[in-house]
Amino acid sequence: MMASIRNATIAMVLAGVCTAALCDETAPQSRPADGIIKVGVATRYHFGWWGVGSFADDARQYKWFPWAVGFQFSDQKRPDRLQLDDLMAGKYDLAVVTLPLDTGQEPKATIKSLRDRGCRVAVVAWRVLGVAVHPSCALEAMDQAKLRDLITGRIKNWHPLTGRDAVLKAVADDRVYQTLRGISGTVSPKSELAPRISGVLAKLAEDPQSVGLMAIDERLTCSGLKILPIRTAGGKQPIEPSARNVADGTYPFYTCLAVVTRPGAPIAAKAFAKLLEGERFADKLDTWGSWVTRLDYALPGQEKPAATESRRQAAPPKLTCAVAVLPVENHSPHFLMARQEHLAAWEQAITEGIGADKRMAMVDRTELTRVLDELKRALATGKSPPGPMLSADVLVASSMVTRSARAWLVIQAMHAPTGSCLGEIRLPVDPARPGEFEPALAGQVRQWWPGVLANLVATRTCPIWAVAPAASATTTTQPAGPGLDATRAEIEAMLEADARVFLAQYRMVSQAQREKIMLLMGLARTGGGSATPAADFLVDLSESNSRIMVRILAGRGLKTLVQSELPADRAVNWLRRNLPLHHKPGLAAPTASRAAEDTAAVAQAKMELRRGLELQAKHDKLQGEAFDRYRAKGLSDYSDEDSKQLDELQAAASRCFERAAQLDPASEKASRQLVDAAWRKMGGKHDAMVLALHRCRQYVESFPGSPVLRDMLERVIGLEANLARYLEQTGVRDSKVAAVPRNLPGDKLMKDYRRSALGHMAQYMRLYIAAHPRCGGNSSQSFGVMTDLYYNILDQYMVSGVSRQEMEEVVTEYGQAVDSYPQEMKPSDFVRLQYHAITKDRQAYMDTLAIMQKRWPDPKGPHWNLGKDRALEDLCELLQTDRRATGFYQWLRGKSGPGELP
C-alpha cells in the first residue's frame, strides 16, 4: 500500500498536478480475447523491451497477478520513439516510455498531454542529468536558457558563458540524446556524441575546453569533475542536481520512466501496469543502473575519515626493525584528476610522517626502486624470487580507491613475516585539490604511526592467529552461507578483542597489489592472491547440514590440531576455550630449520594430493552409480541422499587439492587438479567463473612448459570472453543462474577482460600458429575456432571506447604474433584500418591504406587475400560511396596505380 502511495506521489509531483486516478479498476472489464497483453516499449536504455520482458516472465512465473496471460512486446526499429496514436488506437494496451519522447516537449508537458487524452500515466523512476566541466573551468553555474542553446549548438564559444574567447566543445552521453531533443526540440548532430559515459568523462578530463552533458551517477560524482547547478528562469539561486530537487520540481534537467495505459485498456493490462509501479519493479530497476525509484533518495554522501585504532597504547622506545614505503598506486576506476606528481607527493609525505618517529630504520628509496625493478623482471620471465627480496619488518602500501562515490587515499602497514595488516588509515581526496589534505598528510600519518608500532610489538609477544577467508587456499570454494559468514565475523571479532593473541588479517584494496607484496615478503613463489596470512594458528571453517566444522591448524604445516562439528551459536565459545591450549611454536623457530620445514611441506603436499585423487575417484564412481539409479527409476535428477554425498566428496577433494597447491606451489599436478575442480563447479555462475579464471591464469603463469598449456590458454581466453559478455548483456547479467553481483564497474571490467583475452590470444598464436596445416604443421580443429574468436574479441574491444595508444599496443601485439603468417591470419595493418573505420578517422584510414599499397604492391599477393574484402567494405562505408567508385577497388582489379584513393 505504501509503495503505491509513494509512486503515485512521485508521479504527481513530477507532473506538477494533483489529480485523482483516471480509471476505476473496479469496473467490470475483460481481458483480451487472445489472452495477450500488448506492451509497447520506447526507451533507448539498456533494459528496453527485453528488460521489461524478463520482469513479465517473473510476474507470470511467480503469479503476481491472477490472469494467465501472455505478453507481446513491440519490436521497433527506433526504440526511442513511440507512436502515441497507435497506443490510443489500441495497437498497444500499455507503454513503458522514457520521457521526453521525440516530441519537443519537457517531461511535465508530455505527461499532461497524455493525461488530457485520457491515458493513465504513472512515473516509476527518473534519472538526474547534469552539466560537467573540467575543475579548472571558471564557470560555477549554468542558466537554463543557455543550456538550451548549448544543446542545440547555438553556443559554440565560451564567451557567452565566461567572457573568454575560446572554442567550446560540447560532448554528451548518447544515452541522453533523446532527452536533450525533448528539452530543446532540436539537438546537435549525433556524430558529436560520445558512445558511453566513460568516453565523456575521459574527454572532459583531457580537454578543459569541453562541456559534458550526461546522467549523474557514481562515475561522474567521484571523477573529480565539476558538476554545475542550473539556474531556472526567474530563479535567484542555482539548483543543485539531485534526485530530491527533481522530485520537488525545482531541478529542470532530468528524464523519467513512465507507464502509460490507454483509455479502455483491459483489466489485465492495468494489473500489469500496477506491478510496474510497485516495489518488485523498483527492485529490478535498482539492478539496472542510475534510475531513482524512491522519494527520499539522495546522491551518495560523504563518509567520515576512518582509521584503524590500536587496542594497545604505545610501543617501546626502541625497535630493532625496518620499514619500507612502497610507491602509491592508483586503483580508482573513476577518479581522473590525480596525476603522477600527486602520487609521488603523497609517497613523500607518508615517508616524512613515518620517518619523524625515529624508532624504526627506513629502507633507502633507491634500494627499494632497484628491488621493484628486479621483481618486474622476474614476473616478466615467469620466474619468482626464491626468497624474500626486501629485508623489512613493515611494508607500507598506499592506494587511491573509490568508495561510496568518493575518492580515498588508503594507507596500510603490512607485517612482513605474516602478511597481515598492522594498521590502516583512510583519508578523503578533494577532487578540486587532489594534492592537498586537511590537516597535512604527513601530520596525519605521524599521529597514526604509534598504533602501528604497538601492533608490531604484539606480533612478537603474542601467538599469531588468522581466520581463513571463504575462498582461501585452505577452505572449500563452495559459496559461504549466511550462517557461516556470521560465525566467521564473530570469531574475528572475538580474536580482535582478545589481548592474549594477535589477529593477522588482510585489508588490502587490490588483489594485484597484495600478490606483489606477498612476493616481496617471500610468502609466495607463484601468485599469492589466494594464500592465507601466515600465522602460528589458522582457524578453518566449513558448513554442513546447518552445523559448523571448526578446525585449528598449525600455521606452518597446516596440520589439524583439533576440530569439532557443532551448531553455529556454540562455535565461538568452543574456540575461546581452546585459545589457551596453543602457544607460539611456529614463527619463533630458528631460520636454519626453514629448509627442513619446506621439505616437510612438500611431502605433506604429496599426501594431500594423493588423498584428493582418492576422494575424486570415489566421487566419480558414486556419480556413475547415482546416474544409473535415477535413469532406471525415471527420475529427473539425483536423489537428495546422492546429491548430498556427491557434494561432500567433491568439497573434501577440493580442500585436499587446495592445501596441496598451497604447501607446494611448484606441484603441477596439484595445480592441474585445482583447475579441474574449479572448472567442474562453474555451472554458468559468475563467481564460479571468476574463480576458475583465476585458477587457470595461475596455472598458465606458473607452468609455461606444461604439455596441456594449449588447453589452459583456450580455457582462459574463453572465460575472459564469456565474463565480458556476462557484464555486457542485460539478460545474462540479470539472470538468476549467472548471479552477477550488483554495482560492478561493468564498462571497466569488460574492457579489462577483453584486453587480457587479446594478450593471451597473442600468446596462443605465437605458440601454435606454426602448427596449422597451411603453415606446414598439424593443428587440431580448435585453431579455426580460436582464429574467429580472436577477430570477434578485437571487434568488441575496438568499439569499447579505447584510445589510439591502447589500440596501437593491441595491434603491435597482434602483429608480433601473426604477421609472419599472412596465409593464415590477415596482417596487423588491416586491424589498424578497421580501428580507423570505427573511429571514422578518414585521413588516417587513407594514409594507412596508401602505405600498405606501397609495402605490398601486388594486389594478388598473400598479404591481401584475407583482409581486402573487409577493407573495401569499411572504405565504402567511410566514404558513403559504391565500391566500384573507389580507386582501391580499381587497384585490386589491376586498373589503377597504388595511392590513387579514394
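How are helices α25 and α27 oriented relative to each other? They are roughly parallel to each other. The report below starts with the whole chain and then returns to this pair.

## The model and its chain

This is a predicted model, in which local features need pLDDT of at least 70, side-chain atom pairs count only at pLDDT 80 or more, and totals for chains, interfaces and linings use all residues. Residues are numbered from 1 along each chain as its sequence is written, and side-chain values use heavy atoms, with hydrogens and water left out.

The chain has 902 residues, and 51% of them count as buried. Buried means under 20% relative accessible area, exposed means over 50%, and partly exposed lies in between (1.4 Å probe, protein chains only). There are 31 helices and 22 strands. These are DSSP runs numbered from the N terminus: helices are H or I with at least four residues, strands are E with at least two.

Contact means heavy atoms within 4.5 Å. Take the contacts between residues at least 6 apart in sequence: 70% of them join residues at least 24 apart.

## Helices α25 and α27

Helix α25 spans residues 746-768, and helix α27 spans residues 804-818. Their axes come within 8 Å and cross at roughly 20°. Axes are lines fitted to C-alpha atoms, for helices over the stretch in contact, with angles from 0 to 180 degrees between N-to-C directions. The two helices are therefore roughly parallel. Angles under 35 degrees count as roughly parallel, over 145 as roughly antiparallel, 65 to 115 as roughly perpendicular and the rest as oblique.

The crossing of α25 and α27 is left-handed. That term applies if the near helix is turned anticlockwise from the far one by less than a right angle; clockwise makes a crossing right-handed. On the α25 side, the contact is made by K751, R755, L758, G759, A762, M765 and R766. On the α27 side, E806, E809, V810, E813, A817 and V818 take part. Together these residues divide into six nonpolar, one polar and six charged. Here Ala, Val, Leu, Ile, Met, Phe, Trp, Tyr, Cys and Pro count as nonpolar, Asp, Glu, Lys and Arg as charged, and the others, Gly among them, as polar.

## Aromatic pairs

A pair of aromatic rings is described by the distance of the centres and the angle of the planes. A search of the whole structure finds 13 aromatic pairs. Rings of Phe, Tyr and Trp (its six-membered ring) pair if their centres lie within 6.5 Å; planes under 30 degrees apart count as stacked, over 60 as edge-to-face and the rest as tilted.

F55 and F281 have ring centres 5.1 Å apart and planes at 65°, so the pair is edge-to-face. It links distant parts of the chain. F55 lies in helix α2 (residues 48-61), F281 in helix α12 (residues 279-286), and 226 residues separate them. F55 is buried at 1% relative accessible area, and F281 is buried at 1%.

W856 and W864 also form an edge-to-face pair, with 5.9 Å centre to centre and 85° between the planes. W856 is buried at 13%, and W864 is buried at 0%. Both belong to one aromatic cluster, formed by F830, W856, W864, F888 and W891.

D829 lies in helix α28 (residues 828-838). D829 is buried, with a relative accessible area of 8%. Not counting residues up to four places away in sequence, D829 touches T848, M852, R855 and W856. V811 is 18 residues from D829 in sequence, and the two C-alpha atoms are 7.9 Å apart.

E347 lies in helix α13 (residues 340-355). E347 is buried at 12%. Beyond neighbours within four places in sequence, E347 is in contact with V325, L326, P327, V328 and R365.

## Backbone details

Helix α5 (residues 144-152) has Q144, L147, L150, I151 and T152 as its buried residues. G153 follows α5, with a positive phi near 90°.

K358 is not a glycine, yet its phi is positive, about 70°. K358 sits in the loop between α13 and β14 (361-362) and is exposed at 71%. K840 is not a glycine either, and has a positive phi of about 60°. K840 lies in the loop between α28 and α29 (842-855) and is exposed at 62%.

The peptide bond from E438 to P439 is cis, with omega near -10°. P439 is found in the loop between β17 (420-428) and α15 (441-461).
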